Amino acid sequence: MRGMSSRASALVAAAAILVTACSTTGTPAGGGAVDQGKPFVFASTQFSPVTEQENMRKKILAAYQGASVDFITDQSAVILNRISAEAKAGGEQQIGLVGIENGEFAALVAAGAFDDITKIADKHKDQKIPQDMLTLGKVGGSAQVYIPWMQATYFMVASKQALQYLPTGADVNALTYTQLVAWAKNITDKTGQKKFGFPLATDGLIHRLIQGYFYPSYTGGLVTTYKSADAVTMWNDMKELWKYSNPQSTTYSKLSEPLQSGEIWLGIDHVARLIDVLKAKPDDFVAVPAPAGPKGRYYMSVVIGLGVPKSSPNKAGAEALIDHLLKPETQILTLRENSFFPVVSVTMPSDLNKGLQLEADAVAKQASAKDAKVVPLPVGLGAKGGEFNKAITDTFVRIVLKNEAVPTVLDEQGAIIQKIMTDGSVKCWGPDGSSSGPCQVK
Amino acid sequence: MRTRTEQFLPFALLLPSIGFLSLLIVIPMVQALLLAVMAEGGGFTLENFQRMVADVNFSDAWRNTLLLLILIVPLQIVLALAMALLINSRFRGHGLFLYIYAIPLAISDLAAGILWLAVFTERGYLNSTLQSAGVIDQPILFLSFDNLAGILTAIVIAEAWRATAIVLVILIAGLQLIPRDYFEAADLFGANRLRRTVHVVLPLLRPSLQSALIIRTIFAFQTFAVVFALAGRNMPVLAGEAYTWYATNRNEHVAAAYAVLLLGLTIVATVVYLRVLGLREAEVQR
């Protein structure tokens, strides 16, 4: 037994050396008031692609001079489970700082997992983080649960080869969904190929497109307009669009790959899932705002926030890391390396990579379009977020892929969504406005 | 007369593996069973199983899992048997074959799936080879969502490539256990190669075939990474649903219900194999 435990501790020691060796980030500055202290883990649901992780560890964290930090990332559920497990265990744990999506905070906040970091937020006042983002960071309460770290959105990318098939009168920078369908149809009619792509693989983000783009643009809502006549129109348009979409879309988890190989010419996806093709072939593609529906050009804003768990082993270290991540130069580095946009006020450098410049322009055009309306990721669903996404995606699969009758599917899936809203007493958010009780499917 | 120590020695020797099995298998299994029958707020319920059965993907997942099982397992057993017999015939360079056959064993499921996706996708290796050879003008959409046969074929090929070697290794071990005397006796009676294989090798290989079948069937029930890569959302399978309910939909109770279903199926399959292929006392003595 003693042999076992000494071997185990040797292993732990070896692992600790490895971790420290991998995560030591530069030599500490001499004479600074920088906190050293206990090493801690920075856990995030973002940057899961290996290259992004490496960028984070080797570049974005390189100039940080504080206690040793181990950046970890994984599938959202894995990271969130670990955060909540450490919160449940209480005392002093390993995770010192978390960087997760706005919508992922709610359940953890309800479990009392985070410190109030109003003081840290006040310290960064002069960096001009938008006030509505800071308010989001209070997650419906009065305490500052998280400080915005970076932001992202979804937009459309089109191959220049497709531009010649644009329907007459359509402006590629101000498309409507009707024009998009006509465009995709035109391509199929002229070339015989189906060139629109949906991110429909099991880890694709189709649910976000439905929640933040299709539904609100057609119906002005999501839950409260789920079964409306406008929704039926939207689904019929989607069925029409599917006719001109690459039938291999069900294997697409990020659209940059089929765009780059030429399997598709058009698609809407998350910036991080489009940037590879823009960086690789900036001269062959255009990045444009998402289309508009009858109710406006709705787009989704993804805010990633930084929160300090109550069980953080090194709170001063966490604060030092937040300070580092919010520095304008770190924010621009994060944009350069991992394509997420700054939340603090920065002057954009003129030497931005061509692909990044395309992305930045598209995001700016989308946000400043005169019919633009922004919605957040679903709020307040907590652990039920996954099931809500499934209910939405299943609606798409049943109506569009399996060709089931629209009203039947909306009734059946609507009942599932209502149960999620009622069981979790989830109030309406974003496009649906607000409600006093659970949001009602209509 | 046995001493006390001798009586207890076997049990003492078994203790480490019992400890190991309970820690890593029995306890998690009981936990999964409990998760499957517990409601989210606590208390026992069958709701998780009802949700599983009522889910859009359940009947498809059930059909696809069985379909893949029926297509993959017999194919792999036949392929592995042929390969094992080939290697066992000890021709020159047979060792090299074993190494080549075993390469896919070192590759993870998902990596194998992505590798075959690169082969079968619209602009993949297969289509570009066929196009450059002038066989086809336009790429063929093997993995189109409405081309179930194409997707199934791709998955069966990928799985056969990836996991036949496991069966092969078991069968080769089994072949090498067969005493040479039997072959000499068969030769003495003038049996040709085919008769020798059918009447001597196959019956004596039965225990190995049995383990290979059991292991392969359990793996077939667990298949999902290759399916995810090649078919994406198109082809739900039971193990994939368990994973999705846990990791994506974040409901560990329904995920556990799927796991319990898979456990039940695996036990049934194992019992069937043990019964059908089981060694009977008389045969061993014959």
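Which domains is chain A divided into? Chain A splits into domain 1 (8-152 + 302-357) and domain 2 (153-300 + 378-432), with the bounds taken from an automatic or database domain assignment. What follows is a predicted model, where local features need pLDDT of at least 70 and side-chain atom pairs count only at pLDDT 80 or more, while totals for chains, interfaces and linings use all residues. Residues are numbered from 1 along each chain as its sequence is written, and chains are lettered from A and ligands numbered from 1 in the order in which they are written.

**View 1. Where domain 1 of chain A meets domain 2 of chain A.** The centres of these two domains, taken over C-alpha atoms, sit 31 Å apart. Ten residues of domain 1 are in contact with 16 residues of domain 2; "in contact" is used for C-beta atoms, placed from the backbone, that lie within 7 Å. On the domain 1 side, α4 (102-110) and α14 (354-368) of chain A each supply at least two residues, and α4(A) gives the most, with four. Helices here are DSSP runs of H or I with at least four residues, strands are runs of E with at least two, and both are numbered from the N terminus. Sorted by class, that domain 1 side has five nonpolar, four polar and one charged. For these classes, Ala, Val, Leu, Ile, Met, Phe, Trp, Tyr, Cys and Pro are nonpolar, Asp, Glu, Lys and Arg are charged, and the others, Gly among them, are polar.

**View 2. The largest nonpolar core.** This one runs to 136 residues, and A:Phe155, A:Val157, A:Ala184, A:Tyr213, A:Leu321 and A:Ile417 have the most contacts inside it. Strand β4 (residues 147-159) of chain A provides the largest share, nine residues. Domain 1 and domain 2 of chain A both give residues to this core, so it lies between them. To count as a core, buried Ala, Val, Leu, Ile, Met, Phe, Trp, Tyr and Cys residues must be joined through C-beta atoms within 7 Å. Buried, in turn, calls for 20 or more other C-beta atoms within 10 Å of a residue's own, exposed for 12 or fewer, and partly exposed is in between, with C-beta atoms placed from the backbone. Zoom in on A:Phe155: leaving out residues up to four places away in sequence, its partners include A:Ile268, A:Val271, A:Ala287 and A:Pro289.

**View 3. Helix α8 against helix α15 in chain A.** Helix α8 (residues 206-219) and α15(A) pack at an angle of about 90°, their axes 9 Å apart. Axes are lines fitted to C-alpha atoms, for helices over the stretch in contact, and angles between N-to-C directions run from 0 to 180 degrees. The two helices are therefore roughly perpendicular to each other. That label covers 65 to 115 degrees, whereas under 35 is roughly parallel, over 145 roughly antiparallel and the rest oblique. From α8(A) come A:Ile206, A:His207, A:Ile210 and A:Gln211, which meet A:Asn389, A:Ile392, A:Thr393 and A:Phe396 of α15(A). The contact divides into four nonpolar, four polar and no charged residues.

**View 4. Helix α15 against helix α16, and the loop between them.** The axes of α15(A) and helix α16 (residues 406-423) of chain A cross at roughly 175° and come within 10 Å. These helices are therefore roughly antiparallel to each other. Contact residues include A:Phe388, A:Ala391 and A:Ile399 of α15(A), along with A:Val409, A:Ile416 and A:Ile417 of α16(A). By class, the contact has eight nonpolar, two polar and three charged residues. A:Asn403 is in the loop between α15 and α16 of chain A and has a positive phi of about 60° although it is not a glycine. With 10 C-beta neighbours inside 10 Å, A:Asn403 counts as exposed.

**View 5. The side of chain A that touches chain B.** Here 20 residues of chain A are in contact with 22 residues of chain B. Helix α15 (residues 385-401) of chain A contributes the largest share of the chain A side, seven residues. By class, that side has seven nonpolar, eight polar and five charged residues.

**View 6. A:Ser339, in the loop between α13 (328-338) and α14 of chain A.** Phi of A:Ser339 is near 70°, a positive value in a residue other than glycine. A:Ser339 is buried, with 25 other C-beta atoms within 10 Å.

Definitions and conventions:
Two residues are in contact if their C-beta atoms, placed from the backbone, lie within 7 Å.
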